[in-house]
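Q: I would like to learn how to read the features of a protein model, one at a time. Could we begin with the terms and then go through the helices?

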Amino acid sequence: MLSEMGRSYGRMIAKEVMSMAPDPEIVLKVLEGLASAAGWGQVDVRGDLRKGEVIEVFIRNCAFCSDGEQSQESRCHFIAGVTAGVAGEAFNAEFKASEHECMRKGGSRCVIALERE
Ligand SMILES: [Zn+2]
């Protein structure tokens with residue numbers, strides 16, 4: 001599963017960052033930079049990054065979904081998995097990622113909501 005791969009990748013990144021800066025807010029900001037550097041799109045993490053109760057990840061020009069094709073299947077599972085993994089590690093909890101909006105489904109961007117499980 002792509003999302004499972006993403007999740008362990010996200011946890012790995014977060015562990016690395018947490019060892020240098022044990023602050024969830026910083027970890028999630030690093031994720032934004034990393035995602036852009038990796039060419040996944042312009043990632044913007046919003047929400048209460050101190051407590052991590054409600055987190056939303058906005059992706060503009062999502063590399064996985066902005067190919068112009070429309071379908072019922074979104075392609076941002078990988079990013080969703082990565083963000084869930086990063087948040088999980090940062091807040092020491094399990095997060096469920098769900099796509100609220102997706103460019104493949106006609107959205108203007110992809111929006112992934114992270115909720116504690
Ligand atoms: Zn998408």
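A: Two residues are in contact if their C-beta atoms, placed from the backbone, lie within 7 Å. Helices (H or I, at least four residues) and strands (E, at least two) are DSSP runs, numbered from the N terminus. This is a predicted model, in which local features need pLDDT of at least 70 and side-chain atom pairs count only at pLDDT 80 or more, while totals for chains, interfaces and linings use all residues. Residues are numbered from 1 along each chain as its sequence is written.

Q: Which elements are included in what covers the buried residues of helix 2?
A: Among the covering elements are helix 1 (2-20), strand 1 (42-47) and helix 3 (77-91).

Q: Which residues of helix 2 are buried?
A: A residue is buried if 20 or more other C-beta atoms lie within 10 Å of its own, exposed if 12 or fewer, and partly exposed in between, with the C-beta atoms placed from the backbone. In helix 2, the buried residues are Pro 24, Val 27, Leu 28, Val 30, Leu 31 and Ala 35. They cover an arc of only 155° around the axis (the arc of the directions from the helix axis to the C-beta atoms), which puts them on the same side of helix 2. On the other side of helix 2, Gly 33 and Ala 37 are exposed.

Q: What span should helix 2 have?
A: The expected span of a helix is 1.5 Å times one less than its number of residues. Helix 2 (residues 24-37) has 14 residues and should therefore span 20 Å, which agrees with the 20 Å between its end C-alpha atoms.

Q: At what angle do helix 1 and helix 2 pack?
A: Axes are lines fitted to C-alpha atoms, for helices over the stretch in contact, and angles run from 0 to 180 degrees between N-to-C directions. Helix 1 and helix 2 pack at an angle of about 125°, and their axes are 10 Å apart. Angles under 35 degrees count as roughly parallel, over 145 as roughly antiparallel, 65 to 115 as roughly perpendicular and the rest as oblique, and helix 1 and helix 2 are therefore oblique to each other. The contact is made by Ile 13, Ala 14, Val 17 and Met 18 of helix 1, together with Ile 26, Val 27, Val 30 and Leu 34 of helix 2.

Q: How do helix 1 and helix 3 pack?
A: Helix 1 and helix 3 pack at an angle of about 40°, with their axes 6 Å apart. That makes helix 1 oblique to helix 3.

Q: Which hand, left or right, does the crossing of helix 1 and helix 3 have?
A: A crossing is left-handed if the near helix is turned anticlockwise from the far one by less than a right angle, and right-handed if clockwise. The crossing of helix 1 and helix 3 is right-handed, and the crossing of helix 1 and helix 2 is right-handed.
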